[in-house]
Amino acid sequence: MSQLQTLTITRPDDWHLHLRDGDALTDTVAWTAAQFSRAIVMPNLRPPVASTAQALAYRERILAARPAGSAFEPLMTLYLTDTTPPAEIERARASGAVHAVKLYPSGATTNSDSGVTDLARVYPVFEAMQQQGMPLLIHGEVTDPEVDVFDREAVFIERHLLRIRRDFPALKIVLEHITTAQAASFVREQAAVDARGAPLLAATITAHHLLYSRNAMFAGGVRPHYYCLPVLKRERHRQALLDAATGGDARFFLGTDSAPHARALKEAACGCAGCLTAPHALELYAQAFEQRGALHRLEAFASHFGADFYCLPRNTGTLALERVPMAVPECLPYAGGDVVPLGAGQILPWRLASAF
Ligand code: NCD
Ligand code: ZN
């Protein structure tokens with residue numbers, strides 16, 4: 001059988017993205033807008049995007065940073081804190097621009113110190129979200145220092161997620177950037193749907209967790225550009241994520257978690273967590289799906305299931321990849337400095353041909 005040379009899919013969306021702010025926006029927005037039509041924009045700025053007013057102002061800054069002619073649409077999120085008023089959910093919903101609320105357990109990851117310290121404190125907000133049909137996006141890792149860093153996602157499911165699911169059975173939840181077999185199984189076990197028939201629990205999966213196991217962080221030395229949170233796991237978990245992403249199950253969809261940090265902040269004694277994948281996101285996902293002979297499943301994962309979950313229309317444009325080897329740049333200009341993308345220096349089998 002001859003090898004597929006081009007792959008054309010409905011224009012995809014990124015359901016988990018860090019665009020940063022200020023000078024970085026010109027770069028981050030251009031990278032994402034070149035591939036994706038829309039993106040769920042994470043609110044972990046300093047200070048965090050905690051109110052609807054802040055989200056609307058951030059949205060304007062993103063729109064202003066779009067390349068000429070781009071129709072890229074940022075879908076905004078709010079950062080949940082211990083003091084978020086339940087009334088904020090109604091304001092968020094009424095704005096039409098805020099599409100979800102993000103839960104960072106305090107201290108779990110980059111810029112999460114304003115995060116939630118005790119879930120009981122935000123139960124009134126969860127109640128309002130359940131009523132308004134506002135999705136909760138969860139960074140699902142415990143912050144208990146006694147728990148091994150590689151176990152923090154599985155322990156979060158046992159200690160917290162089961163309880164949230166039980167106490168708010170109609171709340172729409174996305175378990176973000178899942179990294180373990182336990183998370184994939186937990187999502188599969190939840191069959192409940194909302195009034196529109198969309199799943200009540202779903203998960204995003206990054207390209208880097210599909211392509212790399214934790215060995216990548218230690219190949220011949222410490223590799224800071226492969227360090228992200230949740231941290232890469234062992235090969236068995238990567239295989240479970242590939243099963244989930246390529247299985248045609250509408251509860252698993254694309255979220256890059258592309259999270260740039262300037263080179264100097266990664267190549268440091270205490271380097272930041274986050275991998276930059278936005279500039280070659282679809283190339284990476286295509287490589288991962290091809291490992292399973294599942295390129296025919298990429299379109300639904302990248303372009304259908306996420307929109308369906310968020311009850312948004314699917315895109316009408318297309319994106320085409322071609323089988324032409326592409327070298328990932330060693331570094332890219334970023335906010336007046338530079339940034340090292342994931343897979344720097346490697347040759348990827350697919351490259352972007354067009355996106356309309
Ligand atoms: C993200 C960041 O840098 O903002 N880092 C990461 O490793 N993914 C935060 C996050 O999503 O955890
Ligand atoms: Zn993230």
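Student: Why is helix 1 (residues 24-33) called largely enclosed by the rest of the structure?

Tutor: In this predicted model, seven of the ten residues of helix 1 are buried, so the helix is largely enclosed. Buried means under 20% relative accessible area, exposed over 50%, and partly exposed in between, with a 1.4 Å probe and protein chains only. Helices (H or I, at least four residues) and strands (E, at least two) are DSSP runs, numbered from the N terminus. The buried residues are Ala24, Leu25, Thr28, Val29, Trp31, Thr32 and Ala33.

Student: What covers the buried residues of helix 1?

Tutor: The cover includes strand 2 (14-17), strand 3 (38-41), helix 2 (52-64), strand 12 (332-334) and strand 13 (337-339). Such cover is judged by contact, meaning heavy atoms within 4.5 Å.

Student: How are residues numbered, and which residues are considered for local features?

Tutor: Residues are numbered from 1 along each chain as its sequence is written, while chains are lettered from A and ligands numbered from 1 in the order in which they are written. Local features need pLDDT of at least 70, side-chain atom pairs count only at pLDDT 80 or more, and totals for chains, interfaces and linings use all residues; side-chain values use heavy atoms, leaving out hydrogens and water.

Student: Why does Val101 count as buried?

Tutor: Val101 has 1% relative accessibility, and therefore counts as buried. Val101 lies in strand 5 (residues 98-103), and, leaving aside neighbours within four places in sequence, Val101 is in contact with residues including Leu78, Ile89, Met129 and Leu137.

Student: What makes a set of residues a nonpolar core?

Tutor: The members must be buried Ala, Val, Leu, Ile, Met, Phe, Trp, Tyr or Cys residues joined through side-chain atoms within 4.5 Å. The largest such core has 92 residues, of which Phe126 and Leu282 touch the most other members. Helix 10 (residues 281-291) gives the most to this core, with seven residues. A second, separate core of 17 residues includes Leu137, Val174, Ala307 and Tyr310.

Student: Which residues does Leu282 contact beyond its neighbours within four places in sequence?

Tutor: Among them are Ile9, Phe36, Leu254, Leu298 and Leu321.

Student: How do you know whether the radius of gyration agrees or disagrees with that of a compact globule?

Tutor: The radius is taken over C-alpha atoms, and the globule rule is 2.2 Å times the number of residues to the power 0.38. With 356 residues, the rule gives a value near 21 Å; the protein has 19 Å, and therefore agrees.
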